[in-house]
Amino acid sequence: MKKINETPPIWSTCERSEWANRQGALYFGVGLTARTELSVGLPFDCLGMILTAEWLRRAGDLKKVVVLVADQHAIDSRPEEVERIRELEIEYREIITKAGAMVGMPLQVVRASELSTHEAFREILTDCRAFPEITNEYVCRQTADVMWFEQREHLRLKLGWLTDPTKDAHDERVFDKAFLEKNPSSLVRFAYTGSGKTMDGKRPNAPPYIATASVPRILLKQGFSVSEYLSGGEPKMRDRMCSHIGSIVTLWNALSPSKVHDEVFRGCQQLVDLLSASS
């Protein structure tokens, strides 16, 4: 694993020549639930993942980006909250679609529940469930998702996130390892950007696309105050957060014709307001 780019931060185990392809697609998924609770909204950090995907797409001259919103995964885990999951899925899909359009990204946003309507996908999922090395249903479904998009969308690069490239951790690499164990001859390659960030010193890292009530995050929601959020917490954590969101603001201005203020607080607030505004 080596760092191949600074802004945005990207790590990979492969060379660009292994995945750059004009007919190929880049893929990443966004979850809606943590182990203990549903997300309360789409974090600002997810914008960093969207922008990194577009940066990589341009770098590899890929034809499009495919984003899977994992509603079915959440329903399977929390069937009693299906109505809220459907609301979250719509909220996530609308914001991701708007962000993609504003940076000129050829984008396809897919609901995981759509895949389950295809017999061919159900056959892939059954095959994954029969694979003895994959014993977790969530990991099984993630593996099936990537197999489906490799077959249907010429997937060449999967973007994930990691907390520390020098250590093993429970991040996207868990799912990618399972996929490769099941599909050792796959042409899909893997790249990673950084995790989401919090102001909680005990839990400083988080998935870029899930925000729980127990660990406050900057949310892409109407009325959210970035300055109020950043006014709390220890100075060290605040400085870390400012650096993190500043890199996302910088990347937005590099990729989008719709520029925002380059001062961190103002630029971040403009993006929150812009992407959460009703269509």
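Two strands are taken as paired if DSSP finds at least two bridges between them. Helices (H or I, at least four residues) and strands (E, at least two) are DSSP runs numbered from the N terminus. The model is predicted, and local features need pLDDT of at least 70, side-chain atom pairs count only at pLDDT 80 or more, and totals for chains, interfaces and linings use all residues. Residues are numbered from 1 along each chain as its sequence is written, and side-chain values use heavy atoms, with hydrogens and water left out.

Strand E3 (residues 25–30) and strand E4 (residues 64–69) run parallel and are joined by six bridges. Within this pair, Phe28 stands opposite Val67 in E4. Helix H3 (residues 82–102) packs on the sheet and touches E3, E4 and E5 (contact: heavy atoms within 4.5 Å). The direction of H3 makes about 175 degrees with that of E5; axes are lines fitted to C-alpha atoms, for helices over the stretch in contact, and angles run from 0 to 180 degrees between N-to-C directions.

The open sheet has seven strands in the order E1-E2-E7-E6-E3-E4-E5, with mixed pairing. Its edge strands, each pairing on one side only, are E1 (2–5) and E5 (107–111).

Helix H6 (137–153) and helix H7 (172–182) each supply at least two residues of the lining of the largest cavity. The lining consists of Gln142, Thr143, Val146, Lys158, Phe175, Asp176 and Phe179; on a 1 Å grid over the protein atoms alone, a cavity is a set of points where a 1.4 Å probe fits but cannot get out, and lining residues have an atom within 4 Å of a point.

Definitions and conventions: On a 1 Å grid over the protein atoms alone, a cavity is a set of points where a 1.4 Å probe fits but cannot get out, and a pocket is an open set with protein on both sides within 12 Å along at least five of seven lines; lining residues have an atom within 4 Å of a point.
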